Amino acid sequence: MGAESSKISGAVGTAFPHESSRLHVTGHATYTDDIPEPQEILHLAVGMSSNPHARIANLDLSAVSAAPGVAYVMTADDIPGSNNCGPVLDDDPILAPGLVQYAGQAVFAVAATTVDAARKAARLAVIDYESLPPVLDIREAVAQGSFVLPTERIVRGDSSGAIAGARHRLSGSVDLGGQDQFYLEGQVALALPKEDGDIFVYSSTQHPGEVQHLVAGAIGKQSKDVVVECRRMGGAFGGKESQAALIACIAALMAAKTGKACKLRLDRDVDMLMTGKRHDFAIDYEVGFDESGRIAGVEFMFASRCGMSADLSGAINDRTMFHCDNAYFLENVTIVSHRCKTNTVSNTAFRGFGGPQGMFGIEIVVDEIARYLKIDSLAVRRRNFYGIGTRDVTQYRQKIEDNVIHDIVDSLVESSAYESRVAALREFNAASDVLKKGIALTPVKFGISFTATHLNQAGALVHVYTDGTVHLNHGGTEMGQGLFTKVAQVVAEELQIDIEQIKITASDTSKVPNASATAASSGADLNGMAAQAAARKIKGRLVEFAAAHFSVTEQEIKFSKNKVHAGDNVVSFAELAHLAWFARVSLSATGYYRTPRINYDRATFSGRPFFYFAYGAAVAEVIIDTLTGENRLLRVDILHDCGRSLNPAIDLGQIEGGFVQGAGWLTSEQLWWNEAGELKTHAPSTYKIPLSSDVPAEFNVRMFDSPNPEKTIYRSKAVGEPPLMLSLSVFHAIRDAVASVSNYTVHPHLHAPATPEAVLVAVMAQHSSA
């Protein structure tokens with residue numbers, strides 16, 4: 001930004017603190033569960049199925065109803081409207097209608113005078129089941145043709161012919177685990193009955209508009225009868241995009257039935273049992289390539305565990321197909337995508353939305369090629385990168401016009417001293433029998449936009465008051481990622497006022513209607529542009545008024561550092577706002593934005609689904625103990641493309657946090673179901689997310705400063721999801737360390753997550769095969 005704009009507090013491009021940071025650290029930030037409770041509020045609990053697939057032969061809730069403090073017990077028969085909380089298909093019941101399809105599914109709900117009373121009562125139900133055969137495994141689902149959605153394919157060129165004619169060929173399979181979102185604030189909703197049967201819902205959700213729609217359907221009303229508000233979430237990561245609707249629907253149904261305020265807050269165990277996670281995958285591949293490692297043809301089979309209903313699995317698996325190229329040109333490629341129906345919880349959105357799983361597949365292929373040819377994997381990666389002006393069209397027919405991956409990787413190789421460290425690491429391994437080090441550099445190319453084109457739109461509402469302060473509202477939601485701060489910076493920049501003069505208000509369906517979910521890394525792109533449009537409308541009116549009032553031309557009106565210059569006249573922004581109001585000039589405006597240049601035909605999987613791409617690369621160095629499988633991340637170097645950052649401090653936090661979250665997915669976070677279909681890793685005692693001690697001692701992060709060639713908000717780029725995929729470098733560094741056990745003569749067969757157990761199994765395979 002120019003020198004003039006940098007004078008205001010919170011200008012675009014400055015490292016301004018998160019708007020709620022003071023409230024966060026002092027404990028004064030209000031989350032849904034902190035909202036003062038109305039008198040006579042009822043607290044809710046949910047009774048869950050213990051069987052993964054069964055008909056309910058008998059449901060005896062007499063003891064539940066008779067329990068102390070219980071006011072009402074609800075089953076599917078008590079729902080007056082639609083018994084559905086599915087975001088796309090009508091296949092996800094709020095309460096099981098006589099058929100349960102996973103262990104943990106909601107069967108009934110209890111309203112009581114206290115949280116403990118409700119939870120204790122829910123345990124008193126007697127449920128008799130007629131068990132049905134469950135499908136619990138991905139490959140079992142594929143074999144049985146058990147799918148929630150039809151299998152999809154993308155084909156370009158002649159992959160089978162290219163593989164058959166290639167000098168070298170490889171094939172293999174790998175399993176990739178899922179991941180729980182593990183947001184610090186669990187799922188929660190507070191529903192308040194209003195007059196004439198209306199409902200007001202406080203919901204911890206990324207998508208208030210969808211919650212509004214589904215609640216209205218459940219209570220037998222229309223969208224106009226329901227208002228949903230969310231000031232902030234204590235984390236979400238995709239887990240509150242669609243899943244929050246179930247909790248909100250139950251709370252709203254109970255409020256409508258009892259006429260009292262009702263709150264449902266899940267404890268951690270119930271949250272993990274009942275709500276969806278990142279999809280786990282089974283991946284098969286076959287690839288043909290030449291002596292240099294260039295891929296001639298590749299075929300993928302991606303099969304994901306979608307769970308008992310479709311949820312968002314269609315779009316998630318589509319994105320897996322879109323991103324299984326990562327940063328590589330695949331001239332001849334066939335991608336088969338199975339969306340498997342299993343008797344487990346319906347999996348859902350998680351940071352990256354299917355993209356990480358696709359990238360995982362191609363990075364395995366590239367690494368295997370390098371190990372087969374006995375050359376450094378970076379050389380193979382560079383050999384297959386998309387070109388500039390050539391080899392630059394994706395498998396879904398989008399031409400890449402903003403390719404900076406070559407520049408990013410070249411810069412990172414130099415700044416990280418990658419080549420000298422590879423040599424030093426090999427020397428260390430040759431001298432160390434027990435401890436082995438590994439290193440890897442992996443790239444990221446991630447498409448930005450909702451692949452469902454109609455979702456790429458946003459609205460905003462801006463009021464300027466007569467004292468010059470501003471009320472800002474938009475359709476995005478704040479989950480700790482800093483969206484509200486960035487959008488406020490945009491408005492401050494446009495009006496040239498200090499950000500402290502702007503009040504950021506809760507996302508509210510009665511203020512901005514029909515908003516898309518805050519997802520797909522598009523929050524700032526969409527809502528920033530919408531807020532800018534609203535601010536510019538008001539600014540335009542103020543310019544027109546000031547020119548007439550001070551008898552100057554509109555070109556002589558300048559906004560700068562809380563003041564407005566009109567020729568030789570200077571007034572404060574507040575003074576001009578008051579003068580304009582007195583002259584009956586409207587100081588309120590809505591703003592709207594729709595992403596340009598995107599088009600996509602899902603029937604052919606072709607078009608331009610993404611407005612632009614975000615790029616990055618990471619070098620990770622690890623050490624493993626070959627006797628225990630334990631591993632530690634020693635050093636990370638990252639260079640990530642944020643365009644012209646709206647807020648470098650917030651973007652740096654997103655890069656670091658996304659990387660560490662991804663490292664957890666690939667190393668420690670293991671979801672495990674027993675043979676009865678019960679998830680047994682449903683608490684911090686058994687499900688291991690990264691700790692602060694897992695962050696490497698040396699963590700070097702730089703932002704690649706290059707303006708977005710597309711006309712985004714101040715030429716910035718999305719930064720929510722792409723950094724997570726930089727963590728693929730950690731998994732491949734562990735593979736490299738494992739391979740050193742056989743002096744790099746045996747390909748490491750390592751599944752993800754690379755837990756100590758998985759690493760030890762891979763190490764033992766190295767010994768037995770060497």
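Author: Gladly! A charge sits over a ring if NZ of Lys or CZ of Arg is within 6 Å of the ring centre and within 35 degrees of the ring normal. This is a predicted model, where local features need pLDDT of at least 70, side-chain atom pairs count only at pLDDT 80 or more, and totals for chains, interfaces and linings use all residues. Residues are numbered from 1 along each chain as its sequence is written, and side-chain values use heavy atoms, with hydrogens and water left out.

Reader: Which residue lies over the face of Phe182?

Author: Arg268 does, at 4.4 Å from the ring centre, against the limit of 6 Å. Arg278 likewise lies over the face of Trp665, at 4.8 Å.

Reader: Why is the pair of Phe289 and Tyr372 called edge-to-face?

Author: Rings of Phe, Tyr and Trp (its six-membered ring) pair if their centres lie within 6.5 Å; planes under 30 degrees apart count as stacked, over 60 as edge-to-face and the rest as tilted. Here the centres are 5.6 Å apart and the planes at 85 degrees, so the pair is edge-to-face.

Reader: And what makes Phe659 and Phe699 tilted?

Author: Their centres lie 5.7 Å apart with planes at 50 degrees, so this pair is tilted.
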